[in-house]
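Q: Please walk me through this model one feature at a time. Give me the general idea, then the case at hand.

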Amino acid sequence: MQQTVSQYIIKQLVQWGVKRIYGVAGDAILPFLHELGQQAEILYIPCRHETAAALMASTEAKLTGRPAVCIATSGPGAAQLLNGLADAHMDCVPVIALTGQVETYKLGGFHKQFIDQQRLLSVVSAHSELLTHPEAIGEAMHRVFLTAAGQQNVAHLAVCQDLWELETTAAILTQLPAAPNVQADRASAMATAERLLQAKKPLFLLGTGARKAAQVVQQLAETMDAGIILTLGAKGAIDAAHPQMLGGLGDGGSTATVEAMAQADLLVIFGAAWYPREYLPSQLPIIQVDERLGSFHAYANLSPVASRVEETLALWQSRLEQPQLHPDRTAWKQQLQTLHAHYLQEMDEWTRPDENGLLRSEILIAELAKRVMPDAIVAVDTGEHAIWFNRVFPARAQLPVFSGKWRTMGYGLPAAIAAKLTQPARQVVAIIGDGCLLMSTGELATLAEQKLAITVIVINNRTLGLEERNMIASGYQPFGIDVPNPNFVKLAEAFGLRAYQAATLHQLGPVLDEALAGDRPSLIDARCQAPTFSKIMPEIFFQTQAVPSYNKK
């Protein structure tokens, strides 16, 4: 059956389970948008900026593991996808970027909005191609979708403007091959099991890739008397109240973790593609379990197990669940319980209110933790507040979404919108800095238009806090980091949001309660004090230097 290229793409995306497309209108995609408006199976989310559209697609992919789609026009539209696509590319999630391109007869010339999109997007994608004939659309879509799903990365297809309305005989494909299962090498898996069995002071570090297997990892940690450390991506996978929980690692970590690292004789990393190496003792043996070869760390004392975490745990189970084979770890277990108490005490000390009751980022985050739903999704933007979130938010089962390796500002608001659209039954909260909000202000209109019950909390400290902290830590005089803000309450109200302001702890509680209980979009302008993280930088530096086995910075 003949149909236009636009109709084919939409029907094929429906067949492959795509529910939403995030985008911004432009001349080179208008025929496609027209067809999109004639159907009801895919929801189109009109964004205010292409970067936000790509960040929304990236967040949906992070939450579902399935390819998500964004679309933009030619020239500047495609160029402005770059930042959001880089987030998906760096965090290894499947995103399909559809872009319009100039007409076929203008390709390669000095024409309005022409740029070689394949060269432009190649640095943030695993595959990029240009459609120049309608009969090629079937194979092109197949390649793009398989690349995104199979490589868990960005795949890009540009369609020339004069092709959208041309007819094609390409057939709709009903099935795609399933991703291959990475089978563990049994010999290496069992060899690492023996090393783990012999460890007297083991630690487990969980990353994003271990979330699905977190319950089994927790059970193994209990069997092995292993300390538990979570990256930001694994926060909430195991309750912070667990007696073997030590907190995080790095700037957003805890003193308990640093002290445990200094004493441990083995670290097992489950599904963590990144960690701050300066916080690890240089001679500490490491076992790393990950299904992606590109995630393995270049570490001299590393024993790699290339497999899904679940599969490796299944192979280990029979060997490790024999208590008579284990060394006596009674003293280590008691030490972990002491360190866990220190971890909780440290969070309490960091979030202790001032006598004047003024707000600090860490106090706000701690108050939010008391009120947010146990299964809430928390979109955390990039900045000083993200470090404090990792340090002082005692997650129970909440799920943070964030810009991992790319760490772009402006992520939080688009991410929260995509999270609520993807999982509407869950409470969604966004924690964003004032500088971050100014980068994605237009998406307040998207939030209002979609009528999503999201609470946006703005850390309004009138500065780029993380950069101020880094300049101070480097011995520089802070410069170029001041943020003269508008009235965020009036700004939010102008977009149709319910808006609040809080400058003291006394004001914050009722505001949080009302905003979180609401059924419409809301924004809280939290008037926080100047950045506070720089005050504990010397403490962190001392911690990492205090033990001779730590690397020199």
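Q: What is the mean pLDDT of the protein, and what share of its residues reach 70 or more?
A: pLDDT is the predictor's confidence in each residue, from 0 to 100. Here the mean is 92, and 96% of the residues reach 70 or more. This is a predicted model, numbered from 1 along each chain as its sequence is written; local features need pLDDT of at least 70, side-chain atom pairs count only at pLDDT 80 or more, and totals for chains, interfaces and linings use all residues. Side-chain values use heavy atoms, with hydrogens and water left out.

Q: Where does pLDDT stay under 50?
A: Over residues 540-553. Where pLDDT is low, the predicted coordinates should not be read in detail. The model has 29 contacts beyond four places in sequence for residues 540-553; a contact means heavy atoms within 4.5 Å.

Q: How many aromatic pairs are there?
A: A pair of aromatic rings is described by the distance of the centres and the angle of the planes. Rings of Phe, Tyr and Trp (its six-membered ring) pair if their centres lie within 6.5 Å; planes under 30 degrees apart count as stacked, over 60 as edge-to-face and the rest as tilted. The count here is six.

Q: Why is the pair of F204 and F270 edge-to-face?
A: Because the ring planes of F204 and F270 stand at 80 degrees, with the centres 5.2 Å apart. The pair links distant parts of the chain: F204 sits in strand β9 (residues 202-206) and F270 in strand β12 (residues 266-270), 66 residues apart. Helices (H or I, at least four residues) and strands (E, at least two) are DSSP runs, numbered from the N terminus. F204 and F270 also form one aromatic cluster with W316.

Q: Is F204 buried or exposed?
A: Buried means under 20% relative accessible area, exposed over 50%, partly exposed in between (1.4 Å probe, protein chains only). F204 is at 0%, so it counts as buried. F270 is also buried, at 0%.

Q: What kind of aromatic pair do W350 and W388 form?
A: Edge-to-face, with 6.1 Å centre to centre and 70 degrees between the planes. W350 lies in helix α12 (residues 330-350) and W388 in helix α14 (residues 384-392), 38 residues apart. Both W350 and W388 are buried.

Q: What volume does the second largest pocket have?
A: On a 1 Å grid over the protein atoms alone, a cavity is a set of points where a 1.4 Å probe fits but cannot get out, and a pocket is an open set with protein on both sides within 12 Å along at least five of seven lines; lining residues have an atom within 4 Å of a point. Grid points are joined across faces, edges and corners, and a volume is the space filled by probe spheres set on the points. The second largest pocket has about 260 Å³. Among its 13 lining residues, T351, A366, K370, V392 and P394 are the closest to the centre.

Q: Which element gives the most to the lining of the second largest pocket?
A: α13, with five residues.

Q: How many cavities of 30 Å³ or more does a search of the whole structure find?
A: One. The largest cavity has a volume of about 90 Å³. Of its 16 lining residues, L230, K235, G247, G248 and Y343 are the closest to the centre. β11 (245-247) and α14 each give two or more residues to that lining.
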